[in-house]
Amino acid sequence: MSTEEHGRAAALRFRREHHLGVQPLGDLVAIIEQVTGYDVAVLDAEPDEHGLTVRDPERGTVFIGVASTPNPMRQRSTLAHELGHVLFGDWLDSDTGHWSARRDEEIRADAFARHLLVPREGLQEFLGDREFASEADLSSVVQRFVVSPPIAAIALHGAGYIDTSAKREWLESRTPQLAFRFGWIDHYRALQADSQQTRAPQRLLARAITGYTEGILPAQSIANLRGITAEQAEKELEAAGVAPTVRPAAWSDAEDLPDVDVDLGALDELLNAPDDGGDSSDGTAKDDG
């Protein structure tokens, strides 16, 4: 089986096992967190840094990070690509989290991402039995499945809707131009605004908020996770009705303290015991000098 076939089979299996059908996937960050239990975060990163995955082999936990970016389609394909690495167990022995030297694994993860985001069966349901796809169809596929034009073009070619020449031409298409030309530029701007937002792993943030309500974490900790100021965090927590639980301090009143029976006999006996060469009457040491 080729890397392409491995990738497609794994994508189909992932959708089937998690009851995702063949329709477009919505919030991919939330879907991965909910169905796999992996922690996912959207992070500020350098322009040439797109995604990484880290595993703790002792605890079996997985963290997937993707960069915030004004390119929402690329962010989704990066996230799906990283998920593919996790599902295939493409772990390096080193702790670098870098796979660029493992070409077969990269190709397989790319195939997984493409088939996960645009399943052939979903594409056929959307386009029906038309014989050829137009550029307007390309734009519709890009918008509906929230994928880049190159991914859409490869999927259209794989499903038999376009020939090799059209695929080669559409591989050069760009999302903003398609969105503007076919009237969904406002939708694209909304996608851009969303993909530029940083996001903390949901489970981690939920635990932090629980810690805040228990009074063991300050609002600053939540602000750090979300990349906002403490003042913003406090306002949002207050608006959501989330406040630290006020717990009465135990033994706060002296009258509530229990009686304690202290036997000082042993201490008195020790203090009254004669020192070596000393005077036991007042407990002071004798100066032989």
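Biologist: Which residues of helix H5 are buried?

Modeller: This is a predicted model, so everything I say is computed from it. In helix H5, which covers residues 120–127, the buried residues are Gly-122, Leu-123 and Leu-127. Looking down the axis of H5, those buried residues fall within an arc of 120°, so they line one face of the helix.

Biologist: Why would residues a few places apart end up pointing the same way?

Modeller: An α-helix has 3.6 residues a turn, so residues three or four places apart point the same way.

Biologist: OK, and what do the buried residues of H5 pack against?

Modeller: They pack against H6 and H7. Just after H5, the backbone has a positive phi of about 70° at Gly-128.

Biologist: Staying with helix H6, is Asp-137 buried or exposed?

Modeller: Asp-137, which sits in helix H6, has a relative accessibility of 11% and therefore counts as buried, the cut-off being under 20%.

Biologist: What does Asp-137 touch?

Modeller: Leaving aside residues up to four places away in sequence, Asp-137 touches Leu-127, Arg-130 and Phe-132. Leu-127 is also one of the buried residues of H5.

Biologist: Where does Val-146 lie, and what is its phi?

Modeller: Val-146 is in the loop between helix H6 (135–145) and helix H7 (149–158), and its phi is near 50°, which is a positive value in a residue other than glycine. Val-146 is also buried, because its relative accessibility is 12% and the cut-off is under 20%.

Biologist: And His-19, is that one buried or exposed?

Modeller: His-19 has a relative accessible area of 73%, so it counts as exposed, which takes a value over 50%. Its phi is near 55°, again positive in a residue other than glycine, and His-19 is placed in the loop that links helix H1 (3–17) with helix H2 (28–36).

Biologist: Switching to the strands, how do E2 and E3 pair?

Modeller: Strand E2 (residues 51–56) and strand E3 (residues 61–67) pair in the antiparallel sense, with 6 bridges between them. Within that pairing, Arg-55 stands opposite Val-62 of E3. The hairpin that E2 and E3 form has 4 residues between the strands, and Gly-60 takes a positive phi near 70° there.

Biologist: New topic, then. How many cavities of 30 Å³ or more are there?

Modeller: The count comes to 1 cavity of 30 Å³ or more, and the largest cavity holds about 30 Å³ of space.

Biologist: Which residues line the largest cavity?

Modeller: The lining is made up of His-50, Ala-67, Thr-69, Arg-74, Gln-75 and Thr-78, which by class gives 1 nonpolar, 4 polar and 1 charged residues. Helix H3 (residues 72–88) gives the most to this lining, with 3 residues.

Biologist: And the second largest pocket, how much space is in there?

Modeller: About 270 Å³ of space lies in the second largest pocket. The elements that each give two or more residues to its lining are H2, H3 and helix H10 (185–195), with the largest share, 4 residues, coming from H3.

Biologist: Which lining residues lie nearest the centre of that second largest pocket?

Modeller: Of the 16 residues that line the second largest pocket, Gly-26, Asp-27, Leu-28, Arg-76 and Asp-194 lie nearest its centre. By class, the lining of this pocket has 8 nonpolar, 4 polar and 4 charged residues.

Biologist: Last one, for the whole chain: how many helices and strands are there?

Modeller: The protein chain has 14 helices and 3 strands, and buried residues make up 36% of its 289 residues. If you take the contacts in the chain with a separation of 6 or more, residues 24 or more positions apart account for 60% of them.

Technical notes: Residues are numbered from 1 along each chain as its sequence is written. This is a predicted model: local features need pLDDT of at least 70, side-chain atom pairs count only at pLDDT 80 or more; totals for chains, interfaces and linings use all residues. Side-chain values use heavy atoms; hydrogens and water are left out. Two strands pair if DSSP finds at least two bridges between them. Buried means under 20% relative accessible area, exposed over 50%, partly exposed in between (1.4 Å probe, protein chains only). On a 1 Å grid over the protein atoms alone, a cavity is a set of points where a 1.4 Å probe fits but cannot get out, and a pocket is an open set with protein on both sides within 12 Å along at least five of seven lines; lining residues have an atom within 4 Å of a point. Grid points are joined across faces, edges and corners, and a volume is the space filled by probe spheres set on the points. Ala, Val, Leu, Ile, Met, Phe, Trp, Tyr, Cys and Pro count as nonpolar, Asp, Glu, Lys and Arg as charged, and the others, Gly among them, as polar. The arc is that of the directions from the helix axis to the C-beta atoms. Contact means heavy atoms within 4.5 Å.
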